[in-house]
Amino acid sequence: EAGVVQSPRYKIIEKKQPVAFWCNPISGHNTLYWYRQNLGQGPELLIRYENEEAVDDSQLPKDRFSAERLKGVDSTLKIQPAELGDSAVYLCASSLGQERSGSYEQYFGPGTRLTVT
Amino acid sequence: GQNIDQPTEMTATEGAIVQINCTYQTSGFNGLFWYQQHAGEAPTFLSYNVLDGLEEKGRFSSFLSRSKGYSYLLLKELQMKDSASYLCAVRPSRGSTLGRLYFGRGTQLTVWP
């Protein structure tokens, strides 16, 4: 079974440029997450989708970040314009069920390491 | 807010036993997860606790005390490949954060030969 796929794996851009990340979750997983992980820190949730609905996006800086999950499968996360502080690893994860209860573990993709110069 | 605390670094030798502690203060409690993350790689699931007590899975065990807001991950018969960051994550049960996982900053474990 294929895991969570993300691309690109690495991205270097200059500040004020736009950037987009793509995620393909595990087949059949309804719930999709985008996290940001700074060096030496744990992942922080940016947005969570259940099917195509964003059910938790309170941590997403909406002035520059946007996300979509068309047809409830693949998802893209965009930053426009990027700032120096956006340098981090952006992780996508998926899980089978709703995360309100149960041991629905999240399966993480390899992440995109973004460097903003 | 939510607060999850774990030590930043730990070291141990091959074959030894190590215990990684995690304390938390969250808006209610609805489960605690442990993940392993090797450098430059994705976190991978290790264990899940929602009731008090010990859950054992091979060389790894996880313990939970809800009244104390405390968990630990126990790694036995340490191997070099166990060198990684170990992340504690808690799921609150109340408020607008329902369903969200909050991660600690991770404990970097180094296993020496």
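## Interface area

Buried area is the accessible area (1.4 Å probe) that two parts lose on being put together, summed over both. In this predicted model, chain A and chain B bury about 1800 Å² between them. Carbon and sulfur atoms carry 49% of that area. Chain A gives 25 residues to the contact and chain B gives 18 residues; contact means heavy atoms within 4.5 Å.

The interface of chain A and chain B holds 1 salt bridge, defined as a side-chain nitrogen of Lys or Arg within 4 Å of a carboxyl oxygen of Asp or Glu. A:D56 and B:R100 form a salt bridge. Their closest N and O atoms are 2.8 Å apart.

On the side of chain A that touches chain B, the elements giving two or more residues are strand 4 (31–37) and strand 5 (44–50) of chain A. Strands (E, at least two residues) are DSSP runs, numbered from the N terminus. By class, this side of chain A has 7 nonpolar, 11 polar and 7 charged residues. Ala, Val, Leu, Ile, Met, Phe, Trp, Tyr, Cys and Pro count as nonpolar, Asp, Glu, Lys and Arg as charged, and the others, Gly among them, as polar.

## Sheet in chain A

Chain A has an open sheet of 4 strands, in the order 1-3-8-7, with antiparallel pairing. Two strands pair if DSSP finds at least two bridges between them. Strand 1 (5–7) and strand 7 (65–68) of chain A each have a single partner strand, so one side of each is left without a neighbour in the sheet.

Strand 7 of chain A pairs with strand 8 (residues 75–79) of chain A over 4 bridges, in the antiparallel sense. A:S66 has A:K78 in strand 8 as its bridge partner.

## Sheet in chain B

Chain B has an open sheet of 5 strands, ordered 1-3-8-7-6, with antiparallel pairing. Its edges are strand 1 (3–5) and strand 6 (53–57) of chain B. Strand 3 (residues 18–25) and strand 8 (residues 70–75) of chain B pair in the antiparallel sense over 6 bridges. B:C22 is partnered by B:S71 of strand 8.

## Conventions

Residues are numbered from 1 along each chain as its sequence is written, chains are lettered from A and ligands numbered from 1 in the order in which they are written, and side-chain values use heavy atoms, with hydrogens and water left out. Local features need pLDDT of at least 70, side-chain atom pairs count only at pLDDT 80 or more, and totals for chains, interfaces and linings use all residues.
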